[in-house]
Amino acid sequence: VKSDERGILAGSDLVLQQLIRASARRDRAAFAALYARTSSKLFAIALRIMRQREWAEDVLQESFVGVWQRAGDYDPARGSAIGWLVTIVRHCAIDQQRRRGRRPEGRSAPEEVLTALAAPDSADSAAGLRALQRCLDELDQQPRRAVLLAYCYGLTREELAARLGVPLGTVKSWLRRSLERLQKCLEG
Amino acid sequence: MRYDNPELRERLAAEYVLGTMPPRVRRRFEQLIATDPGLARIVGDWADRLLPLDQAVPATEPPARVWRAIERRIAGDAVLSATPTADFSWLRSLALWRALAAGAGAAIVGLVLYIVVLAGHAPQPTVVAILGGHGGEPGWIAVTGPQSGQVTFAAVAPQPEPTRHDFELWAVAGGPPRSLGLLPQHPGTTATLRMTQLPPRGGVLAVSLEPPGGSATGLPTGTVLYQGKVLTGSP
């Protein structure tokens, strides 16, 4: 994956990498700048999973304390800085969601994500978006829903099974096969 | 389970990024990532592959109180500043951490050998303290340097405690314990403070488990998990 195909915040990833490296050296100003640049996007990602602002605020707080502590672990050879940050936030949100118990049903519609994906956005990220969109389109409808609900809304495998009305084993094999197909498609 | 099977590595990395791994499996997987750069790269590739799905989210400004809370929680780090330097690159050598993890006794010998071998290279660091757990295994090792008058603490063992806690370092030398700041948790990370902040030789350094950001009372509130005597410095 080349940096210009990464989509979200692609152009500024080098800056984020430098800010994370400086944060690892306990540079508070750099850490504040990292927060300023990324918090509104990361807050939105947390909010999509948590639904409640207060809970998403907790997730953002936990995540950034974690980023401060683990900044030294980030290595640009392992992928983009924004990808690393997003993974921390999403895992933190999924953990908190689990602790808070079952979420109310409804609202989260994976189709919204697909529609938004299709909408033209900034030119520099269009290639990565189009590729992912095309590959998601090649998946069957239900497995695609499972992937999107898991990634965007943080649904667990058990929640996916309940939501999509299939056994847990089916969800597991849908996810596994879909991820394999996505990889082949994106690399093909 | 074998973790060197390419398909398995790919599948686990994908599920890790997707977020569908059961929490316990994920913690174990995160430990693997920490020591397996190849696996970490596969994870990074997956994070970048799925990243466009976040493009659709409209940015939302969080309230200012979130940043204030973060600042409060990282304030404890003011005393200890992590400064990995070239001279101390050996402190972060993976081989060393593996050796240390293999066995405490052998590990200390290994560390001392390391210091002797590298004495010509680094400005002769000497061991200031070894902070051992109740089982005797070292959690942190403190050595002099990288500059004169400084002491560097290196985390040497992965902490089994949940990451929602911090480890706070205390100086104990008559009177109430004095906080020296938070210690780094990941093996291979270091933090440096001034030698004069430590208790005199023979004094005790203790590490307690505290809420994130450190004790709010200025005194240890959690269990003391590690301790060690100051071995060098003025008596």
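**Figure 1. Salt bridges between chain B and chain A.** Seven salt bridges link chain B and chain A in this predicted model, a salt bridge being a side-chain nitrogen of Lys or Arg within 4 Å of a carboxyl oxygen of Asp or Glu. Over all chains, the count comes to 13 salt bridges. One to look for is A:D95 with B:R26, where the closest N and O atoms are 2.6 Å apart. Another joins A:E57 to B:R65, with the closest N and O atoms 2.8 Å apart. This second pair runs between chains, from helix α3 (residues 53-70) of chain A to helix α5 of chain B. Helices here are DSSP runs (H or I, at least four residues), numbered from the N terminus.

**Figure 2. The interface of chain B and chain A.** Here 55 residues of chain B are in contact (heavy atoms within 4.5 Å) with 69 residues of chain A. Together the two chains bury about 5,700 Å², with 59% of it on carbon and sulfur atoms; buried area is the accessible area (1.4 Å probe) that two parts lose on being put together, summed over both. B:L18, B:L53 and B:Q55 supply 12% of the area that chain B buries against chain A, more than any other three residues. Across this interface there are 20 residue pairs in polar contact, both at pLDDT 80 or more. Such a contact is a pair of N or O atoms within 3.5 Å; within protein, one must be able to donate a hydrogen and the other to accept it, and residues adjacent in sequence count only if both atoms are side-chain atoms.

**Figure 3. The side of chain B that touches chain A.** Which helices of chain B each supply at least two residues of this side? They are α1 (6-18), α2 (23-35), α3 (37-50), α4 (52-55) and α5 (64-74). The largest share, ten residues, comes from α3(B). By class, the touching side has 30 nonpolar, eight polar and 17 charged residues. Ala, Val, Leu, Ile, Met, Phe, Trp, Tyr, Cys and Pro count as nonpolar, Asp, Glu, Lys and Arg as charged, and the others, Gly among them, as polar.

**Figure 4. Helices α1(B) and α2(B).** The axes of these helices come within 11 Å and cross at roughly 115 degrees. Axes are lines fitted to C-alpha atoms, for helices over the stretch in contact, and angles run from 0 to 180 degrees between N-to-C directions. B:L12, B:A13 and B:Y16 of α1(B) meet B:R26, B:F29, B:E30 and B:I33 of α2(B). These contact residues divide into five nonpolar, no polar and two charged.

**A note on the views.** Residues are numbered from 1 along each chain as its sequence is written, chains are lettered from A and ligands numbered from 1 in the order in which they are written, and side-chain values use heavy atoms, leaving out hydrogens and water. As this is a predicted model, local features need pLDDT of at least 70 and side-chain atom pairs count only at pLDDT 80 or more, while totals for chains, interfaces and linings use all residues.
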